[in-house]
Amino acid sequence: MTSTLGRYWVATKGDRPVDTRVWHYDGRSQQRRMPTLVPSADETRFTLEGDGAAPGPYAFADLQPEGHSHHERAFGLKGRPGWRITFLEFPPAEIAVRLPKLRRERPWLSRARLGWVAAVLAVFALFVLGLTLKLPPLLARLIPQATQQRMGRLVVANLGAYACSTPQGEAALKVLAARLRQGDDVTIRVVHAPMINAAAFPGGEVVLFDGLVQSAESPDEIAGVLAHELGHVAHRDGMEALIRDYGLDLLFGGFERNVSGYSSALLHARHSYKAEAGADGYAIGRLQFAKISPLPTAALLARLARQDESPENAGKLLTYVSAHPLSQSRERAYRASADPAVRYTPALDAAQWQALRGMCGGAPGA
């Protein structure tokens, strides 16, 4: 007696189901067949009978789950690529117990693994952070000095139209540089611009803006700022800032193509407090050697900090404050370095100071 159940047939022997129709692909042709799956007497094997299917026999143990849904369950056959049978409904119990179980996907982020994954991610984050912090300084020291000098000259040449020069002013700069032990590989220029700022560019190029010179109350304040910039040169902080902002694109992409952009980036590059403290330490050492008092530099930092809070000074001080973070700790470092037992002398005499202030013709232009 044969009864039809849904989309497949079950042949019965008494009340016990003994076979089931399935969809079948033999792996050799694209033709879909619908044979009857007939279990063997010991129920360990089965044959496929009818509709032109290769009968087998096949072992239930060789079936491999290939997925299922609420509509169907599919199985492949070990060693037979493309071979497939599909039950369109859940198979009878006598067959279902012989079919291999479909492995349930375990969530990869189980509780046991979650802590391990979190630990790995934390270590990776620390590695990336360390690489981000350490790579720019390392690369800055690997770039040849000749390359940095060429880059610095290009940046300064971009400001060339605003450079100031008089014989007396140049002589005063040389005196100041000699007292601070400036090497021959460093070039100092004064630029005609109202901004209160100074900058150290790659390759030993240092620029003092006339706005800073005019706002200074003594040559000792300029000496402290200049010594600070020489510290940035010695530590290659300008090159490090460019690498941090632009990566190696500034080398391989052609530095000449974006000189203006790199110049602006250096003028507004916000050095870290560590870099500022390092440049301050370098400056304090130079001032001590030259017997120039560090107290005027401390007073300059305090005055700039007060002026920074005034809205009418924001435009002039923005560049300096953005590139040189002001803090009480920096001011205290200069004050603490003053030695009452040392007889300090002015960085420049009165005539030299006036010559330096007059390099750009008096008050700085726009």
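Before reading any accessibility I noted the cut-offs: a residue is buried under 20% relative accessible area, exposed over 50%, and partly exposed in between. I also noted that the model is a predicted one.

Salt bridges. I searched the whole structure and found eight salt bridges. I looked up Glu 66 and found that it pairs with Arg 84, with the closest N and O atoms 2.5 Å apart. This pair links distant parts of the chain, Glu 66 lying in strand E8 and Arg 84 in strand E10, 18 residues apart. Glu 66 has 42% relative accessibility and so counts as partly exposed, and Arg 84, at 25%, is partly exposed.

I then turned to Glu 43, which forms a salt bridge with Arg 98 at 3.6 Å between the closest N and O atoms. Glu 43 sits in the loop between strands E5 and E6 and Arg 98 in the loop between helices H1 and H2, so the pair ties together parts 55 residues apart in sequence. I read Glu 43 as buried at 16%, whereas Arg 98 is partly exposed at 36%.

For Arg 303 I found a salt bridge with Glu 217, the closest N and O atoms being 3.7 Å apart.

Cores. I noted that the largest nonpolar core has 40 residues, with Leu 176 and Ile 222 among those with the most contacts inside it. Helix H6 supplies the largest share of this core, seven residues. A second, separate core of 15 residues includes Phe 46 and Leu 99.

Conventions: Residues are numbered from 1 along each chain as its sequence is written. This is a predicted model: local features need pLDDT of at least 70, side-chain atom pairs count only at pLDDT 80 or more; totals for chains, interfaces and linings use all residues. Side-chain values use heavy atoms; hydrogens and water are left out. A nonpolar core is a set of buried Ala, Val, Leu, Ile, Met, Phe, Trp, Tyr and Cys residues joined through side-chain atoms within 4.5 Å. Buried means under 20% relative accessible area, exposed over 50%, partly exposed in between (1.4 Å probe, protein chains only). Helices (H or I, at least four residues) and strands (E, at least two) are DSSP runs, numbered from the N terminus. A salt bridge is a side-chain nitrogen of Lys or Arg within 4 Å of a carboxyl oxygen of Asp or Glu.
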